[in-house]
Amino acid sequence: MIRTNRRKLALTSAVLAVVAMTASSLPAQAASDPGVTSTSIKLGITVPMTGIAAPGYNKIPGAMKAYFDYVNANGGVNGRKITLVIKDDQYIPTTAVAKANELILKDKVFALVGTLGTASTKAISASTQLAKRGIPSLFVNTGFSGFADKKAYPTTFSILPSYQMEAKIMGKFLKDKYDGKKLALIYQDDDFGRDALAGFKQAGVSFTTAIPYASGSQSLPATGAGWISKLKAAGTEVTVLFGVSSASTAALANAYAAGYKTQWVLGSVGGDATTIAASNKAYVPLLFGAKGFSFAPAPSDSADEYVKLFQSIYASAQPTQTFDNNVVAGMSNAFLAVQAIKAAGSNLTRAGLIKTIETKGASLANPFLTPLGYSATSHIGATGYWIGTYDQTGALKPDGGKYTVYTTDSGNGPVVESSYKRPAMPAKGLPN
Amino acid sequence: MLKKHPLFGFILFGVILFLLSNRVDELRVFQGATVAIYVIAIASIILLTGYSGQVSLGHGALLAIGGYAAALSRNYWGAPVWLTFCIAVLAAALGGYLLGLAAARLSGPYLAGTTLALAIGLPSIANQFSILGGEQGLLYDIGLPPTSLGADFTQYKWYFWISALAALVTIYWLRNVMNSRYGRSWKAVRSNDVAAELAGINVGRNKVLAFTVSAGVAGLAGALLAMTISTVSPGAFPLALSFSLATGAVLSGVTTLGGVMIGAVTLVAIPEIVDTVVHRFESSEAVANNLPGLLVSTLLILTVLFVPNGPVEQMRARHEKRAKR
Amino acid sequence: MTQFIDMLLIGIGAGSIYALMAIAMVLVWRSTRVINFAQAGMALLSTYIGFELVQRTGNFWIALPLAMILGALFSALVEILLIRTLIKHSTTGPVAGIVPIIATLGLLGFIRATIGFIWGNQDIQIQPPLSKVGFKIGEDTIALSPMNLLVLLTVIGMVLILGFIFQKTSLGLSLRASAYSPEIAQLAGIRVGAIRTIGWAIAGAAGAAAGLLQTVNGTGAVSPDSLEFSLLLTFGFIAAVIGGLESLPGAVLGAVVLGLVLAVVQIYISGTLVFIVAFALLLLVLLIRPQGFIGAKAGRRA
C-alpha cells in the first residue's frame with residue numbers, strides 16, 4: 001500500500017512535468033526576423049541585477065533604458081520604438097544561458113545588447129548558438145579580447161578595449177614618465193589580471209613588487225593592510241592598481257591608515273571615483289593626484305556635449321541615482337546601438353545590422369574618444385585610452401587640458417598617439 | 001503490472017518524453033534538459049542525506065569536478081562524449097571518496113561546514129592552474145546531433161534526449177541500489193549507528209560508500225550541466241547551486257526518491273513563473289529586482305515549515321493515520 | 001622586523017573581526033544546536049537598522065546599543081515564529097539535520113530581498129566612529145588604529161560578559177542545559193522554549209554588534225548582497241570550528257589563529273592562496289582534532 005502511494009506520486013509528478021512542458025505554444029513561422037516590426041524593436045540584456053557582482057553594474061540597464069526612452073519620445077529610430085527586456089543573471093553563466101534562452105525563444109528579441117561578464121558571454125554564445133541563428137550580440141560588456149575575433153564570434157561585437165590594450169598603453173606611460181622609479185603592481189589573480197600582465201610584459205615594464213590577490217579576497221580585513229605592508233617594505237614609489245573597485249578602495253584606505261604615500265596609477269576597471277565614493281565618500285580625497293585611464297569622457301566633464309546630454313536625460317529618468325561611469329557606459333552602449341540601427345535602414349534585418357556595423361561601424365557617431373575598430377575582418381570596439389589626473393573632488397581631468405588618446409591592439413602592435421577627432425554629436429543626440 | 005515491472009514503467013515514461021520533445025518549443029526542451037539534470041543532482045543528495053544521513057552543503061563542488069573532468073578529457077584527449085561522461089562520474093566519485101574519508105569522522109555542523117567551505121574554495125582552484133581555464137572557463141562542445149536524426153533535429157533536443165536518458169537510467173539504477181542491502185544498511189546507520197555497528201555493519205566504510213556513489217552521480221549531473229551551457233567555469237558552480245540542490249532535495253522530500261521530479265521541476269519553473277508575474281506589473285526597479293527573491297524565499301519557508309518531510313512522506317503519513325482509524 | 005610586527009598586528013586585527021562572527025555562531029550553536037544562516041541575515045538587517053539609526057541620531061554610540069537591542073528582539077521573533085514551528089513539525093532523522101538549514105537559508109533570502117526593496121541594491125555607507133589611521137610610534141605608523149582597538153576590546157568584553165553569563169549565572173546554566181539535553185532540562189523544570197528564545201536574542205545582539213563593527217572597520221559600505229558579509233560568515237564559521245564550537249574563548253582563539261595564518265600567507269607567501277589555505281586549515285583541524293583547540297572530546301554526537 002505504501003508502494004502504491006509512492007508510485008502514484010511519482011506518476012503524478014511525472015504527468016505534471018509533462019503537462020507543464022506541453023503547456024506552451026509551438027513556434028510560429030516567422031517571415032521576417034523576430035523582434036522587429038514596422039513600429040518596434042525588441043532588444044534584450046542579461047546582467048547581474050542582484051548578487052555579489054551587482055552593485056554598480058545593475059545601473060547599466062536602467063541607464064540604457066533612459067536613453068532608449070528619450071529616443072522613443074522623440075520619434076524612435078526610423079519610426080520604430082525600442083524596448084529593452086532586462087534579465088537578471090546574477091553573474092552566473094548557467095543562469096545567463098537560461099535567461100538568454102528566454103530572451104531569444106520566449107521574448108523573441110531582435111538582438112542581445114550589452115551582455116555582461118566573460119564567462120556568461122562565452123556560455124551564451126556557445127549554448128544558444130548565436131552564430132548559427134544569426135542573432136547579433138551587440139557591444140558586450142567585457143574586456144576579453146577574444147570576442148573581437150570575427151571567426152570565433154561572427155555575430156558578436158566588442159565595445160570595451162581589451163585589458164591587454166590598457167596594460168600596453170599604461171606600460172608605455174609608466175616607462176615614459178616614471179623611468180627608474182620603483183614600480184609596484186596590485187592585480188587580480190585570474191584572466192583579468194593575467195591579460196594585464198601580458199600587456200605589461202609587451203610594453204617592457206618590470207615591477208619591483210607584483211602582488212596578486214585572489215578574486216574576492218580584497219574584501220577580507222587583512223588583505224589591504226598586507227599589501228601596504230609589503231609596499232612599504234619594498235620602498236615603492238609608484239603603485240599601479242589594476243584590480244576591481246573594491247581592491248582600489250582597500251588599497252587607498254589602508255595606505256591612508258598606514259600613513260603610506262605613493263603615486264597611484266589606477267586602471268579603468270577599478271578607477272571610477274564615483275564607484276569608490278559609493279563605497280565610502282571619505283576615500284575620494286585619497287585619489288587626489290592619482291593617475292587614471294579611461295576611453296570615454298569623464299562623467300564629471302559637463303563641458304563635453306555627450307556627458308551634458310546624458311546627465312540631463314539620466315537626471316529626469318533616475319533622479320535618485322548618481323551619475324557615474326556605469327551610467328556613461330550604459331548610455332554610450334545604447335547610443336551606439338541606436339546609431340547602428342538607424343544606419344541599417346528601414347528594412348531592418350539581423351544580417352543587415354551585422355553588415356552595417358562591419359562596414360559603417362567605425363564612422364558611427366558615439367561618445368567615445370577613441371576610434372572604433374569595426375571592420376569586415378574585426379569586431380573590435382574601442383581601441384585606446386586617454387590619461388588623466390584626479391582632482392580633490394574625484395573628477396578625472398585629462399593631462400595637458402585636452403583628451404590625448406593613445407591606441408594599440410591586443411597583439412604585438414605598438415602604442416601610438418592617435419589623431420582621431422570624435423565626430424560631432426548629432427543634433428540633440430537623436431538618430432536624425 | 002507497473003508494480004511488478006517497474007522497468008516497464010520507466011521505459012514507458014521515457015517513450016512519452018521523447019515523443020513530447022518533438023511537439024514542444026525550444027525553450028521547453030531546454031528547460032526539460034535542465035529538469036533532467038536537476039533530477040540527477042537532487043537524487044544524489046537524497047542518497048547522501050536522506051538515506052545515509054550525511055548533510056552536504058557543497059554538492060556544487062562535486063558537480064564542478066564532473067564538469068571539468070568531462071571538458072578536460074574532451075579538449076585534451078578528444079574523448080568521445082559518452083566516455084567524457086564516464087570520466088566525469090569516476091573523477092567525481094574519486095573526489096567523493098576522499099571527501100567521504102574525511103567526512104566519516106564528522107557529523108552535524110562540522111560536516112555541513114566542511115562541505116560549505118569546499119564549495120566556496122574549490123572553484124578558486126580553477127584560477128591557480130591555467131589548464132583549468134581560469135575565470136573565463138573552458139569550452140565543452142559535445143558536437144552536433146547525428147545526421148541520422150534528421151536535418152532539423154535541434155541541438156537542444158539532442159541535449160534533452162541525452163539528459164533525459166541519463167536521468168531515467170540513473171534513477172532506475174539508484175532505485176535498485178537503495179532497495180538493495182546497501183540502501184538498507186545506509187538507512188540502518190542513519191537511524192542508529194551504534195545498533196548498526198552491533199549488527200555487523202562497518203559504519204565508516206558504509207558512509208564512505210554513500211559519499212562515493214553520491215559524488216559519482218553528482219559528477220554526471222555536472223557533466224550534463226556543462227553540456228547544456230557548452231562551457232565550464234567557476235562561476236557556473238557557485239555556492240547558490242549547492243544551496244539550490246539542497247533546497248530541491250528538501251522540497252522533494254529528502255528521504256525518498258519518489259518525489260525527486262517535484263523538486264527539479266520547482267527549481268526550474270518557479271523562477272520563470274515569478275519573473276513572468278513580476279513583469280506583468282510595470283513596477284519600479286526596486287520591486288522588479290527583489291520581488292522574485294522575496295516570493296521564492298517565502299514559498300520555500302512556507303513549504304519547509306508545513307511540509308518538511310516532503311509531499312511523499314506527508315501523503316504516506318496521512319494514509320497511515322487513516323488506516324489506523 | 002617592522003614587517004613582522006605589522007603582520008602580527010594585521011593578523012590579530014583581522015582575527016578580531018572573525019571573532020565577532022564566530023562568537024555569534026557559537027552562541028547560536030550552544031543555545032539551540034542549529035546552524036543558522038539566518039544569523040547572517042539578521043546581522044545584515046541589524047546593520048541596516050544601525051545605518052538608519054546613525055542617519056537619524058548622527059551618533060554611532062547611540063546607534064550601536066539600540067541596534068543590538070533591536071537585533072535581539074528580531075532574533076527572538078524569528079525563533080518564536082520560525083524555529084518553534086520547525087521543531088514542532090519535523091521528525092528526527094536526516095530531515096532534522098537539513099530542514100532547519102534550508103529554512104534559515106530561505107529566511108536569509110527573504111531578508112536580503114526585503115532589504116533590497118526598502119533600501120535599494122546599491123551600497124549604503126556608515127562612517128566609522130573612531131579613526132582608522134594607525135597610531136604613531138616615533139616616525140612609524142603601526143598597523144593598529146583606534147578602530148582596531150575598539151574591535152579588540154569589544155571582542156574581549158563579549159567573551160567576558162557572555163562567559164560570565166554562561167558559567168556563573170543560573171540563566172547560563174539553563175541555556176547550556178537546554179541545548180545539551182532539552183528533555184532532561186524540561187524534566188528539571190526549565191522552560192526550554194523560553195530559554196531558547198533568550199539564547200537567540202543574545203545571539204541576535206551579538207550578531208548586530210558583529211555586523212555593525214565589521215562594516216565600519218572595513219570600507220564602511222554594505223549592500224544586500226555584500227560579498228564581505230558572506231565571506232566573513234564563512235571565515236567566522238571556520239574560526240569557530242578551529243577553536244571548538246562549544247567554547248567562546250575557543251572561538252576567539254580560533255579566529256586569532258586564522259587571522260595570523262592568513263596574514264602570514266598574505267605577506268610572506270602569496271595572496272592568491274588565501275581561500276585554499278583557509279579551507280586546508282579547516283580540514284586539517286577537523287581531521288586531527290575535530291573538537292577544536294579548546295573542546296572536550298565529544299561524549300555526545302553533535
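Visitor: How many residues of domain 1 of chain A are in contact with domain 2 of chain A?

Guide: Remember that this model is predicted. Now look between the two domains. Eight residues of domain 1 of chain A touch eight residues of domain 2 of chain A.

Visitor: What classes of residue make up the domain 1 side of that contact?

Guide: Sort them by class. On the side of domain 1 of chain A that touches domain 2 of chain A, five residues are polar, two are nonpolar and one is charged.

Visitor: Where in chain A do the two domains run?

Guide: Domain 1 of chain A is written in two pieces, 32-161 and 299-382. Domain 2 of chain A covers 164-294. The centres of the two domains, taken over C-alpha atoms, are 30 Å apart.

Visitor: What does the radius of gyration tell me about chain A?

Guide: Compare the value with that of a compact globule. For 432 residues, such a globule would have a radius of gyration near 22 Å. Chain A has 23 Å, so the two agree. For the extents, the C-alpha trace of chain A spans about 75 × 65 × 45 Å along its principal axes.

Visitor: How many helices and strands does chain A have?

Guide: Chain A has 14 helices and 14 strands.

Visitor: Let us turn to chains B and C. How many residues does each give to their contact?

Guide: Count each side separately. Chain B gives 45 residues and chain C gives 44 residues.

Visitor: Which helix brings the largest share of the chain B side?

Guide: H12(B) does, with 14 residues of the side of chain B that touches chain C. This helix runs over 285-306. Other elements giving two or more residues to that side include helix H2 (26-51) and helix H5 (108-125) of chain B. By class, the side of chain B that touches chain C has 24 nonpolar, 19 polar and two charged residues.

Visitor: How do I read the packing of H11(B) against H12(B)?

Guide: Take distance, angle and hand in turn. The axes of H11(B), residues 260-280, and H12(B) come within 9 Å and cross at roughly 135°. That angle makes H11(B) oblique to H12(B). The crossing of H11(B) and H12(B) is right-handed.

Visitor: Which residues make the contact between H11(B) and H12(B)?

Guide: Find Ile270(B), Pro271(B), Val274(B), Asp275(B) and Val278(B) on H11(B). On H12(B), look for Ala288(B), Leu291(B), Pro292(B), Leu295(B), Val296(B) and Leu299(B). Now sort by class again. The contact of H11(B) with H12(B) has 10 nonpolar residues, no polar ones and one charged residue.

Methods:
Residues are numbered from 1 along each chain as its sequence is written. Chains are lettered from A and ligands numbered from 1 in the order in which they are written. This is a predicted model: local features need pLDDT of at least 70, side-chain atom pairs count only at pLDDT 80 or more; totals for chains, interfaces and linings use all residues. Domain bounds come from an automatic or database domain assignment. Two residues are in contact if their C-beta atoms, placed from the backbone, lie within 7 Å. Ala, Val, Leu, Ile, Met, Phe, Trp, Tyr, Cys and Pro count as nonpolar, Asp, Glu, Lys and Arg as charged, and the others, Gly among them, as polar. Helices (H or I, at least four residues) and strands (E, at least two) are DSSP runs, numbered from the N terminus. Axes are lines fitted to C-alpha atoms, for helices over the stretch in contact, and angles run from 0 to 180 degrees between N-to-C directions. Angles under 35 degrees count as roughly parallel, over 145 as roughly antiparallel, 65 to 115 as roughly perpendicular and the rest as oblique. A crossing is left-handed if the near helix is turned anticlockwise from the far one by less than a right angle, and right-handed if clockwise. The radius of gyration is taken over C-alpha atoms; the globule rule is 2.2 Å times the number of residues to the power 0.38.
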